[in-house]
Amino acid sequence: MNTITSNRSARFALATAAVGVLGLSGCAAGGGDGESTAAATETSAATAAATDTGAATDGAQQMLTVQDPWMKAADSGMTAVFGTLTNDGDSAVTLSGAEATGIAESAELHETVMGESTGSTVMQEMTDPLVIEPGESVTLEPGADHIMLMDLTCAPMAGQNLNIQLAYAHGEDGENQTVKVPVRDYQGAQEEYSHEGGGSTMSPSEMPSHMASAMPSMGAMHSDQDDELPMCQESQ
Amino acid sequence: MTSEHDSATPVASGGSHHGESPSEAPEGGLNQRPVAAEQDSAATGSAGGSSGFSRRGVLIAGGTAGVGAAAGLGVAAAQRSGLLGAAGSSDREDSGTATEPARTEAVGARSEAFYGPRQAGIDTMPQSFATFLAVDQAEGTERETIRRMMRVLTQDAAALTGGDAPINDQEPELALNPSRLTVTFGFGARILNLVAPERAPEWLRPLPAFGIDQLEDRWNDGDLLIQVCCEDTVSLAHAQRVLLKNLRSFGTVRWVQNGFRSVPGAEAADPPSMRNLFGQVDGTVDTQPDTPEHEQIVWGVGEQAFQPWIQDGTSLVLRRIHMNLDTWDEADRPAREDSVGRTLDTGAPLTGTAERDEPDFEAVGPLGFKIIPDYSHIRRSRHPDDRVRIHRRPYNYDVPVMDASGFASAGSSSGGVSDSGLLFASYQADVDQQFVPIQQRLDDLDMLNVWTVPVGSAVFAIPPGCQKGGFVGDVLFNDDDAARDVDARDGQTADAEGGA
């Protein structure tokens, strides 16, 4: 039951996202890879169905629409996912975390803050879940909030479309929403990583071993110190 | 060639029977536009009050129309070049509204469609600037690599064409003025042999060697072609940067060739076809898009057509043709017109008065010589088989020459103070059946060969366009793969149905 509900909600979210894309610009399709556009062609039907679906879930599980998601390509270590999350529903949505099954051992919501001691920006895991009020959007972008994929188990490569899961703090078991994310090469997003809440940059010796290879910045994800990871598999 | 040239002298004199000595020609060219001026005045409701005679009238008309960007230009020229929007185009119907400011549309705001059965940039009215770039795929490139690459390039190109920043564009403000940007992709033999070897046309290989060629490998061949055309160089540079950034993990740039034409609004009303740097009107006999002959020549549509390699696909032959401006300087105006068979001012055939007059190849002058000489370019380039034609979309090039001095010698492709020429972009359904026979005729005899040297040559198969959600070249991946990609495209929707 839980699985079905989640998937239906995901479908709702996708259809709504497509509407959003079209509303912004008739040509925005290029930014969001194929799936948003493909969904847009069946917007009417999907939206109608989504209304029903929304009622079927007692209105308790409102998901987010995701516009223009993308993932930075990486050979190993860690990487990040970006995009715009919008709450088109009537109630607040709490994003509690993320997963990247088959891609990374773990995923976290990160924020970028000014390091108190260094004066430079550092990134750290969000201390609180991300609450998005109805009608509000949160933009995940390089240099700001993002979803961090830790300890990659495969290499996301440019041009792939990979699934990640957004986790919501609804119900006892929570909910997941699958988002298909295009992978792109990118040289930015090299923020330094901060110890959680510490505001100071970790030295390599303080880091978990699985992160050390990717330090001191995400730019080091191209390090050849790691064993070469196989290219990620696209979901069928 | 020299003897032919000498013998041509009397005929060349005959060529000037149009009553223009070289010194008069420039003014003559301008003064030949009173008709155009009248049309301009009519188009703006005779706002200038000019009873049709002069460039000045055109200027007044254009200025009175209140067209900011087009002020000082002929309105017809502005319309033609896109400075005016729909309101400008409809002025003929409501000529009484000339006192109202014409609605303007910035060149930068104009955009071309990206998605469709055919790729843009071929039938598209040529933009002012073009960059042709070729990529060598990296070692180890596989079929799936091409799929990934074309997904990325297609999405970037589609966004940029529409005036939207691609998803990871770090200078998104530079993407906001598409300026009629088009991005066209072509495949060399290596890509087609990876993706769909059974589809690879026989002509997808280097052209046969021609006697006039002095090819330099740095301008030859390539695995992937990207043709970027735009009315604005800033937007073009940004598009190129975005595409190259995302190409980095797939291959290396083999060559880049930049070309240009006159920008919108630069030319007088109703100018002839584009001019090359020899001053010649170039491209007169090209096929016009949306005509049956164009469909036949470029896209292989029609009973008489040569078979295209794939429906809605075509081919590009890009020849880099060095033009020796120094030895061209030695040719006086009659000889220049004689070599081509057209006048320099209007581009009319030597037997006619307007650019698009049909040449009379049989006409002879007082001394019995053919008025359009046997060795003239227009006679040689016209193949007796009417199906053997091409569609040109050429651009000039003029690259900086450091420490420039002296003169380039005859037959040389270097030296002197200029490195100029033509990016001869030719589109046709079948390279071997159309381009090669014409080039062979020109290789055998063409007076222009005295001043021109092909220094680069590349052949690409242009795949069809794609629909939203697809990518350029997706039709070349087989049915199973195509189905898989559709599944991936539907993404979460498909998942949801599976889950329910």
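## Conventions and a covered helix

A residue is called buried if 20 or more other C-beta atoms lie within 10 Å of its own, exposed if 12 or fewer do, and partly exposed in between, with C-beta atoms placed from the backbone. Helices (H or I, at least four residues) and strands (E, at least two) are DSSP runs, numbered from the N terminus. This is a predicted model, in which local features need pLDDT of at least 70 and side-chain atom pairs count only at pLDDT 80 or more, while totals for chains, interfaces and linings use all residues. Residues are numbered from 1 along each chain as its sequence is written, and chains are lettered from A and ligands numbered from 1 in the order in which they are written.

By these terms helix H13 of chain B, residues 333-340, is mostly covered, with 6 of its 8 residues buried. The buried residues are Pro334(B), Arg336(B), Glu337(B), Asp338(B), Ser339(B) and Val340(B). Gly341(B), with a positive phi near 95°, follows H13(B).

## Chain A and its strands

Chain A contains 4 helices and 11 strands, and 47% of its 236 residues are buried. Two residues are in contact if their C-beta atoms, placed from the backbone, lie within 7 Å; of the contacts in chain A with a separation of 6 or more, 73% join residues 24 or more positions apart.

Strands are said to pair if DSSP finds at least two bridges between them. Strand E3 of chain A (residues 93-99) pairs in the antiparallel sense with strand E6 of chain A (residues 130-132) over 3 bridges, and Val93(A) has Ile132(A) in E6(A) as its bridge partner. E3(A) is also joined by 4 bridges to strand E9 of chain A (residues 161-168), again running antiparallel, with Glu99(A) opposite Gln165(A) in E9(A).

## Individual residues

Ala73(A) lies in the loop between strands E1 (65-72) and E2 (79-86) of chain A, and counts as buried because it has 22 C-beta neighbours inside 10 Å. Its C-alpha atom is separated by 5.2 Å from that of Pro156(A), although the two residues are 83 apart along the chain. Beyond its neighbours within four places in sequence, the contacts of Ala73(A) include Met157(A), Val183(A) and Asp185(A).

Positive phi values near 50° occur at Asp68(A) and at Asp403(B), neither of them a glycine. Asp68(A) is placed in strand E1 of chain A and is buried, with 25 other C-beta atoms within 10 Å. Asp403(B) is found in the loop between strands E7 (395-399) and E8 (419-428) of chain B, and is exposed, with 5 C-beta neighbours inside 10 Å.

A nonpolar core is a set of buried Ala, Val, Leu, Ile, Met, Phe, Trp, Tyr and Cys residues joined through C-beta atoms within 7 Å. The largest one has 132 residues, of which Val81(A), Ile147(A), Leu149(A), Ala239(B) and Leu423(B) touch the most other members. Helix H8 of chain B (residues 143-161) gives the most to this core, with 9 residues.

H8(B) packs against helix H10 of chain B (residues 233-247) at an angle of about 165°, with the axes 10 Å apart; axes are lines fitted to C-alpha atoms, for helices over the stretch in contact, and angles run from 0 to 180 degrees between N-to-C directions. The two helices are therefore roughly antiparallel, since angles over 145 degrees count as such, those under 35 as roughly parallel, 65 to 115 as roughly perpendicular and the rest as oblique. Val152(B), Leu153(B), Asp156(B) and Leu160(B) in H8(B) meet Ala239(B), Val242(B), Leu243(B) and Asn246(B) in H10(B).
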